[in-house]
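Open the model in your viewer and keep the selection tool at hand. Each stop below tells you what to pick and what is there.

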Amino acid sequence: FGSRLKPSERCFGTVVVSKGPVAMGLKYVAAYLMAVLAGNDSPSAADIKKILDSVESEFDETIASKLVSELEGKTVHEMIAEGKEKLKSFGGGGGGGAVAVGGGAAAGGGAADTAAPAEQKAAVVEEEEEEDM
């Protein structure tokens, strides 16, 4: 990764964050959301700066101002709901792995099936003992 990155980019795991005017780091969005959680329904770039300064993080006024202007007039709850609707089109995916694991346990015999009811009975007895105290 290191040799393919531009000088203005840094690699964090598999996520590349560009310092250019196009890319926006998640820290700006996180700071915006923190301000909203603190009760500020419409945070400004100055609010974002204050939060990022509190953790000694770099701050770019252009990026913060762009974020604030893009979210102006919108509530966080509306944005999250809109994002959830977009994610529904991606489908479930990844379900095949769980089926294979479940199938292996069932093919192994009835030992797992007989152990589960015994554990449930033990849990019920423990709950009843706690209620008696």
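## Stop 1: an exposed loop residue

Select Glu 56: with 75% relative accessibility, Glu 56 counts as exposed. Glu 56 sits in the loop between H2 and H3. Helices (H or I, at least four residues) and strands (E, at least two) are DSSP runs, numbered from the N terminus. Now check the backbone. The phi of Glu 56 is near 55 degrees, a positive value in a residue other than glycine. Most residues other than glycine have a negative phi.

Two notes before moving on. This is a predicted model, in which local features need pLDDT of at least 70, side-chain atom pairs count only at pLDDT 80 or more, and totals for chains, interfaces and linings use all residues. Residues are numbered from 1 along each chain as its sequence is written, and side-chain values use heavy atoms, with hydrogens and water left out.

## Stop 2: the whole chain

Zoom out and colour by secondary structure. The chain has six helices and two strands. From the N terminus on, the order is β-β-α-α-α-α-α-α. Of the 133 residues of the chain, 14% count as buried.

Contact means heavy atoms within 4.5 Å. Take the contacts in the chain between residues at least 6 apart in sequence: 39% of them join residues at least 24 apart.

## Stop 3: the nonpolar core

Next, select Tyr 28, Ala 31, Tyr 32, Ile 48, Leu 52, Ala 64 and Leu 67. These have the most contacts inside the largest nonpolar core, which has 15 residues. A nonpolar core is a set of buried Ala, Val, Leu, Ile, Met, Phe, Trp, Tyr and Cys residues joined through side-chain atoms within 4.5 Å. H1, helix H2 (45–54) and H3 each give two or more residues to this core. In soluble globular proteins, nonpolar side chains tend to be buried together.

Click Ala 64. Leaving aside neighbours within four places in sequence, Ala 64 is in contact with Tyr 28, Ala 45, Ile 48 and Phe 59.

Now click Leu 67, in helix H3. Is Leu 67 buried or exposed? Leu 67 is buried, because its relative accessible area is 6%. Draw a C-alpha to C-alpha distance from Leu 67 to Tyr 28: they are 7.7 Å apart in space and 39 residues apart in sequence.

## Stop 4: the aromatic pair

How many aromatic pairs does a search of the whole structure find? The search finds one. Show the rings of Tyr 28 and Phe 59: this pair is tilted, with 6.2 Å centre to centre and 45 degrees between the planes. The pair links distant parts of the chain, with Tyr 28 in helix H1 and Phe 59 in the loop between H2 and H3, 31 residues apart. Rings of Phe, Tyr and Trp (its six-membered ring) pair if their centres lie within 6.5 Å; planes under 30 degrees apart count as stacked, over 60 as edge-to-face and the rest as tilted.

Compare the two partners. Tyr 28 is buried, at 4% relative accessible area. Phe 59 is partly exposed, at 22%.

## Stop 5: the largest pocket

The largest pocket holds about 280 Å³ of space. On a 1 Å grid over the protein atoms alone, where a 1.4 Å probe fits, a pocket is an open set of points with protein on both sides within 12 Å along at least five of seven lines; lining residues have an atom within 4 Å of a point. Grid points are joined across faces, edges and corners, and the volume is the space filled by probe spheres set on the points.

Helix H1 (26–37), helix H3 (61–71) and helix H4 (76–88) each supply at least two lining residues. H4 gives the largest share, five residues. By class, the lining has nine nonpolar, two polar and three charged residues. Here Ala, Val, Leu, Ile, Met, Phe, Trp, Tyr, Cys and Pro count as nonpolar, Asp, Glu, Lys and Arg as charged, and the others, Gly among them, as polar.

Finish on Met 79, in helix H4. Met 79 is partly exposed, with a relative accessible area of 29%. Not counting residues up to four places away in sequence, Met 79 touches Leu 71 and Lys 74.

Technical notes:
Buried < 20%, exposed > 50% of the residue type's maximum accessible area, 1.4 Å probe, protein only.
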